[in-house]
Amino acid sequence: MPGPGPRSRYAPDRGLTTRMVTTMFLIGLVYVVFVGVLLVALHNAWPVILVVAGGLFVAQFWFSDRIAAYSMGAREVTPEQAPELHGAVDRICALADMPKPRVAIADSDVPNAFATGRNQSTALVCATTGLLRRLEPEELEGVLAHELSHVAHRDVAVMTIASFLGVLAGMMTRIWLYTGIGRSSRDSNTAIAMLLVPLVSAVVYAISFLLTRLLSRYRELSADRAAALLTGRPSALASALTKVTGQMARIPTQDLRKAEPFNAFWFAPAFSSKESLSRLLSSHPTLEQRLDQLARISTQLGRA
């Protein structure tokens, strides 16, 4: 998995590249093992299994970014409809020397932003109406620089694909359970398969979940670092982080619950309650970790 494109001015991150390659390899391996278990357990239905597994994988590779954007309510906007947002994206892209992605707005009071896409040519960056209302121009540019770093480093594509592999395992298991493909009352292995397939599916999902969470935490710190170095204003990004995190407590619980399933894609995580289990398995590092890193970068830039 390559790092930033040759024209991008975002600082490369070899640690991120290594983690992306490792995550994709391990998740891919787990997925292959899962398909192998299905083939062994349901040997008389192997053509159907291969077709379904291959079809779902291709579908999620090509459409998962669009599905994610649609699920989060992203609506593409023109420069005439959102001149301030487009202007900020234009400035960051010029600074980073990278192609401009599609620009979208999500009608949500939850102050947040995200980027999605398989590559730079299909990338989309989205800000919520709640974010646009609350941030100053420099803070907004810091957030957008953070999100465009995900595009430049291509970790947004890795996260999109990796996040859906565990879901695919669950989908395939449900297809098998509900349709009865490959099952026969005369097959002595049916009872074992009934227990084995859901168990392996659960293990696949758990491993995929943990691997994506570990990668997600690192990539958020990497994006903060890259954005701060690109813009030269780590304090603006720190201010945006503090403001967005502080405002989350004022958002209605119902809105937070809608946003919470997509935390791995958001600029800052949304939690519907302080006791949420998501905090223990968060897709993001803590606010303190992110602010500490930005403070160190600010000190380094001050000495330069």
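**Figure 1. A salt bridge between Lys243 and Glu139.** In this predicted model, the side chains of Lys243 and Glu139 come together in a salt bridge, with 3.0 Å from N to O. The pair links distant parts of the chain, since Lys243 belongs to helix α8 (residues 234–248) and Glu139 to helix α5, 104 residues apart. Lys243 counts as partly exposed because its relative accessibility is 27%, while Glu139 is buried, with a relative accessible area of 7%.

**Figure 2. Arg225 meets Asp13.** Here is another of the salt bridges, which come to 13 by the rule used for this model. The side chains of Arg225 and Asp13 meet at 2.6 Å, N to O. Arg225 sits in helix α7 (residues 190–231) and Asp13 in the segment before α1 (14–41), so this pair ties together parts that are 212 residues apart in sequence. With a relative accessible area of 26%, Arg225 is partly exposed; Asp13, at 9%, is buried.

**Figure 3. A network of salt bridges.** Take a moment to trace the links here: Asp155, Arg219, Glu220, Asp224 and Arg290 are joined in a network of salt bridges. Within this view, the side chains of Arg219 and Glu220 form a salt bridge of 3.8 Å, N to O. Arg219 and Glu220 are both buried.

Figure 4. By the rule applied here, the model has two cavities of 30 Å³ or more. The view shows the second largest cavity, which holds about 30 Å³ of space. Its lining is made by Thr116, Gly117, Arg118, Asn119, Ala123, Val151, Arg154, Val156 and Ala157.

Figure 5. Most residues other than glycine have a negative phi. Arg154 is placed in the loop between α5 (137–153) and α6 (155–179), and is partly exposed, with a relative accessible area of 30%. For Asp97, phi is also positive, near 55°. Asp97 lies in the loop between α3 (83–96) and β2 (102–106), and its relative accessibility of 26% makes Asp97 partly exposed.

Figure 6. Which residues make the nonpolar surface patch? They are Phe57, Val58, Phe61, Trp62, Phe63 and Ile67, and the patch covers about 540 Å². Phe61, a handy landmark for this view, is in helix α2 (residues 46–71). At 30% relative accessibility, Phe61 counts as partly exposed.

**Figure 7. Glu288 and Thr242, with the chain as a whole.** Glu288 is part of helix α10 (residues 287–303) and counts as exposed because its relative accessibility is 53%. Between Glu288 and Thr242 there are 9.6 Å in space, C-alpha to C-alpha, and 46 residues in sequence. To place this view in its setting, the secondary structure of the chain comes to 10 helices and four strands. From the N terminus on, these elements follow the order α-α-β-α-β-β-β-α-α-α-α-α-α-α. Of the 304 residues in the chain, 50% are buried.

Methods: Residues numbered from 1 in each chain as written. Predicted model: local features only at pLDDT ≥ 70, side-chain atom pairs only at ≥ 80, totals over all residues. Heavy atoms only, no water. Patch = residues over 30% accessible without salt bridge, like charges linked within 9 Å, V, L, I, M, F, W, Y side chains within 5 Å. Areas by Shrake-Rupley, 256 points an atom, 1.4 Å probe, with all protein chains shown as cover. Salt bridge = Lys/Arg side-chain N within 4 Å of Asp/Glu carboxyl O. Helix = DSSP H or I, 4+ residues; strand = E, 2+ residues; numbered from the N terminus. Buried < 20%, exposed > 50% of the residue type's maximum accessible area, 1.4 Å probe, protein only. 1 Å grid on protein atoms, 1.4 Å probe; cavity = no way out; pocket = protein on both sides within 12 Å on 5 of 7 lines; lining within 4 Å. Points joined across faces, edges and corners; volume = space filled by probe spheres on them.
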